[in-house]
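Please read them with the structure open.

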Amino acid sequence: QFDLVESGGGLVQSGGSLRLSCAASGFSLNNFAVGWFRQAPGKEREGVSCITASDRTTNYADAVKGRFTISKDNGKNILYLQMNSLKPEDTGVYYCATALCGPHELAVATGPGYLEVWGQGTRVTVSS
């Protein structure tokens, strides 16, 4: 069984920081690109950041560049998202998922031939 479990969300003031974690089981983060996606109230889900299986490539949405950092611990099979200088517009539910990731690609891995795995989400609320 493939599973992703997020943690680390919470309530933080504008300008604060949070670190999200995503523990994978049933598959290795050494073998799959993974990413973070978020959905704000009343908005569509959007890609936030991704990292390739090899760790060689990362990609970030323009809205979070310079503030968020994605990383993973392959030994522990955990994906992280360090979020600094948080803004109210960062509020939403954050999901980790297997991803398609490249210098110009940040999307959920979905469709025939892809392993599509989603976490249950963790809520981030940034107060102004």
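Strands here are DSSP runs of E, at least two residues long, numbered from the N terminus. The model is predicted.

1. **Arg 38, placement.** Arg 38 sits in strand 4, which covers residues 34-39. Is Arg 38 buried or exposed? Its relative accessibility is 6%, so Arg 38 counts as buried, the cut-off for buried being under 20%.

2. **Arg 38, polar contacts.** The side chain of Arg 38 meets the side chain of Glu 46 in a polar contact of 2.6 Å. A polar contact of 2.8 Å links the side chains of Arg 38 and Tyr 94.

3. **Arg 38, surroundings.** Residues up to four places away in sequence are set aside here. Arg 38 then touches, among others, Glu 44, Arg 45, Val 48, Ala 63, Val 64 and Phe 68. Glu 89, Asp 90 and Val 93 are also among the residues it touches. Ser 49 lies eleven residues from Arg 38 along the chain, and their C-alpha atoms are 9.7 Å apart.

4. **Arg 67.** This arginine is in the loop between strand 6 (58-60) and strand 7 (68-73). Arg 67 counts as buried because its relative accessibility is 11%. Which side chain does the side chain of Arg 67 meet in a polar contact? It is that of Asp 90, at 2.7 Å. Beyond neighbours within four places in sequence, the contacts of Arg 67 include Gln 82, Met 83, Asn 84, Ser 85, Leu 86 and Lys 87. Asp 90 is in contact with Arg 67 and is also touched by Arg 38.

5. **Aromatic pairs.** Ring centres within 6.5 Å make a pair. By this rule there are four aromatic pairs. One of them joins Phe 27 and Phe 32: edge-to-face, 5.6 Å centre to centre, with 85° between the planes. Phe 27 is buried at 8% relative accessibility, whereas Phe 32 is partly exposed at 29%.

6. **Tyr 95 and Trp 118.** These rings also pair edge-to-face, at 6.0 Å centre to centre and 85° between the planes. Tyr 95 belongs to strand 9 (residues 92-102), and Trp 118 to the loop between strand 10 (105-108) and strand 11 (122-127), so the pair ties together parts 23 residues apart in sequence. Trp 118 counts as partly exposed, at 25% relative accessibility.

7. **Strands 9 and 10.** How do strand 9 and strand 10 pair, and over how many bridges? The pairing is antiparallel, over four bridges. The two strands form a hairpin with two residues between them. Gly 102 stands opposite Glu 105 of strand 10.

How values were computed. Residues are numbered from 1 along each chain as its sequence is written. This is a predicted model: local features need pLDDT of at least 70, side-chain atom pairs count only at pLDDT 80 or more; totals for chains, interfaces and linings use all residues. Side-chain values use heavy atoms; hydrogens and water are left out. Rings of Phe, Tyr and Trp (its six-membered ring) pair if their centres lie within 6.5 Å; planes under 30 degrees apart count as stacked, over 60 as edge-to-face and the rest as tilted. Buried means under 20% relative accessible area, exposed over 50%, partly exposed in between (1.4 Å probe, protein chains only). A polar contact is a pair of N or O atoms within 3.5 Å; within protein, one must be able to donate a hydrogen and the other to accept it, and residues adjacent in sequence count only if both atoms are side-chain atoms. Contact means heavy atoms within 4.5 Å. Two strands pair if DSSP finds at least two bridges between them.
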